[in-house]
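Below is a short note for a colleague who is new to reading structures. Please keep the model open while going through the points.

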Amino acid sequence: MRFSEFSLTTLKEVPAEAEIVSHQLMLRAGLIRRLASGLFTWMPLGLRVLRKVEAVVREEMDRAGALELLMPAVQPAELWQESGRWDKYGPLLLRMQDRHQRDYCFGPTHEEVITDVARKELRSYKQLPVNYYQIQTKFRDEIRPRFGVMRSREFIMKDAYSFDIDEAGLEASYQKMHAAYTAIFKRLGLIFRVVDADSGEIGGSRSQEFHVLADSGEDAIAYCDDDNYAANIESAATLPPEGTRAAATAELTKVETPAARSIDALCDMLAVTAQQTLKTLIVEGTDGPVALALRGDHELNAVKAQKIPGVATPLTMADAETVRKVTGCEPGFAGPIGLDIPVFYDHATANMADFVCGANESDMHYTGTNIGRDIEAVATVDLRNVVSGDPTPGGNGTLSITRGIEVGHIFQLGDKYSQAMNATVQDSEGKDSVMSMGCYGIGITRIVGAAIEQNHDDNGIVWPAPLAPFDVVLVPINMHRSDTVREAAEALYEELQNAGLDVLFDDRNTRPGVMFADAELIGVPHRLVISERGLQAGELEYRQRSDEESRNLKREAALNLLKESVIS
């Protein structure tokens, strides 16, 4: 591809609306252009990268025995009403009507549609297992689209759905997809982790996420290599503390704490650490308000909390009026002593002694609080996010926390959709049997952004070779003033193409510095420079994108190195 024919416009300045590196570089390098909030046009350079992702995904899905189809992006409301998600999915679902006032949605996912396909096409257990997949445009009406393609409203996704006669078959299909996903991300040259996760709105009994590791990742991942454990922080379990609670050494005392509504303010006022405090959060329950008690330095995990019987889903903090009604005080001063609503204590509170808690009286707290003396001893539950240093669930190590970008998610759905939509086949005894389903998604567009977040420097993108839009950029110096350089560049361009390399030939009549800057910005893995001086010496200047310095190599040596690097 000749640069002069590629219609690529790069930007020197960082666009004001771009918050993270991938968004900045995708705009600057001309991969995407914004149409509206959360909507992007994929320009020719970006589309080349996107197609490379799709090609790897297709190859591995086909290798795993999955069958590609293509389902409609627009879906009738009846299917979503049948599954029970039309009302439950909420405002993320973009709803519309046709000219006959029939309700439709722009699909954010395709569980309902594929289940409808399966119940019409599959009749016997002999047709199972089967796994259908598609690469399709989705739409989720995010309340605040941000971070470019990382959280856009419209995106491209590969979603697959397996159907089996029983749970054992589902487990086999699930493991096959786990292996396929692992192969995909390895082939794409990305550093990733597979973590246990919460199934969320999709539902099901088990799910795992595939995360590209990056400091800018939205998700926190807890992991321990010694225990072969990794989980999204939403689902990473905490354990009750070992040992016994220390004996009380202080008397229960009510103290004035004017305006100390936060843990930080309380610690400053009383000269204590957050670990010596207990915070009591009032949330909505299924039969009235419920209290959740955690150590002051810990963070409530909403996913865990809303699974506790009696706690409303989704987790909702009680409003100020409700707090005043059940505690008798302003928000910020609630505590468990004398509280006449159910109280759930986090595991980490079990061994607390002589701690500070709210007194259920505005501007007042208790010091010297102790469980068993001032608060009735109760069983504890897992309410909080894990932190670095927590023991692993297996007990063979301690957790570390890193950041990740979710690019894939696999689910064991079981009969969640097939039961609701009566998707059955005849089993070996001739009886109708509800099929067991699996669901497997990969964010195609998100992979591009995640790859950039993981692979960049101050000058631009540093693509992993399998994702790069071109294999090599050919930069002739002063080609438009030197017939020798132009002829040599044209010959080399043809030779590289004939060797099977994808070449970007920078034939623009512009300064070398501009050519070099653009090559680094768009992240082409290899660069060859042709100059009159180099031609006189029989050399080409070669540089790999991640190298600090260029090397002058004999022409044949440079070409052999390049061919080996790309083709192998």
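Does Phe-505 count as buried or exposed? Phe-505 counts as buried, because its relative accessibility is 0% and the cut-off for buried is under 20%. The model is a predicted one, and the points below should be read with that in mind.

1. The ring of Phe-505 has a partner. Tyr-493 and Phe-505 form an aromatic pair, with 4.9 Å from centre to centre and 40° between the planes, and the pair is tilted. Tyr-493 belongs to helix H12 (residues 483-498), and Phe-505 belongs to strand S27 (residues 503-505). The two residues are twelve residues apart in the chain. Tyr-493 has a relative accessible area of 8%, so Tyr-493 is buried.

2. A search of the whole structure gives eleven aromatic pairs. One of them is formed by Tyr-174 and Tyr-440: the ring centres are 6.4 Å apart and the planes stand at 50°, so this pair is tilted. The pair links distant parts of the chain, since Tyr-174 is in helix H6 (residues 167-187) and Tyr-440 is in strand S23 (residues 436-443), 266 residues apart. Tyr-174 is buried because its relative accessible area is 0%. For Tyr-440 the relative accessible area is 0%, so Tyr-440 is buried.

3. Some rings form a group. Tyr-181, Phe-185, Phe-192 and Phe-210 are linked into a cluster by ring pairs.

4. How do helices H1 and H11 lie to each other? Their axes come within 8 Å and cross at roughly 105°; H1 covers residues 21-28 and H11 covers residues 444-454. Angles of 65 to 115 degrees count as roughly perpendicular, and H1 and H11 are therefore roughly perpendicular to each other. On the H1 side of the contact are Val-21, Ser-22, Leu-25 and Met-26, and these meet Val-448, Gly-449, Ile-452 and Glu-453 of H11. By type, the residues of this contact are five nonpolar, two polar and one charged.

5. The next item is a sheet. Four strands make an open sheet in the order S14-S15-S16-S19, and the pairing is mixed. Strand S14 (278-283) and strand S19 (380-381) are the edge strands, each pairing on one side only. Strands S15 (residues 290-295) and S16 (residues 343-346) run parallel and are joined by three bridges. Leu-292 stands opposite Phe-344 in S16.

6. The bond from Leu-128 to Pro-129 is cis, with omega near 0°. Pro-129 sits in the loop between helix H5 (111-121) and strand S7 (130-139). Thr-313 and Pro-314 are also joined by a cis peptide bond, with omega about 0°. The loop that holds Pro-314 lies between helix H8 (302-305) and helix H9 (320-327).

7. Ser-7, a residue other than glycine, has a positive phi near 55°. Ser-7 is in the segment before H1 and counts as exposed because its relative accessibility is 62%. Where is Asn-228 placed? Asn-228 is in the loop between strand S11 (219-224) and strand S12 (229-232). Phi of Asn-228 is positive, near 50°, and Asn-228 is not a glycine. Its relative accessible area is 74%, so Asn-228 is exposed.

Terms used: Residues are numbered from 1 along each chain as its sequence is written. This is a predicted model: local features need pLDDT of at least 70, side-chain atom pairs count only at pLDDT 80 or more; totals for chains, interfaces and linings use all residues. Side-chain values use heavy atoms; hydrogens and water are left out. Axes are lines fitted to C-alpha atoms, for helices over the stretch in contact, and angles run from 0 to 180 degrees between N-to-C directions. Angles under 35 degrees count as roughly parallel, over 145 as roughly antiparallel, 65 to 115 as roughly perpendicular and the rest as oblique. Contact means heavy atoms within 4.5 Å. Ala, Val, Leu, Ile, Met, Phe, Trp, Tyr, Cys and Pro count as nonpolar, Asp, Glu, Lys and Arg as charged, and the others, Gly among them, as polar. Two strands pair if DSSP finds at least two bridges between them. Rings of Phe, Tyr and Trp (its six-membered ring) pair if their centres lie within 6.5 Å; planes under 30 degrees apart count as stacked, over 60 as edge-to-face and the rest as tilted. Buried means under 20% relative accessible area, exposed over 50%, partly exposed in between (1.4 Å probe, protein chains only).
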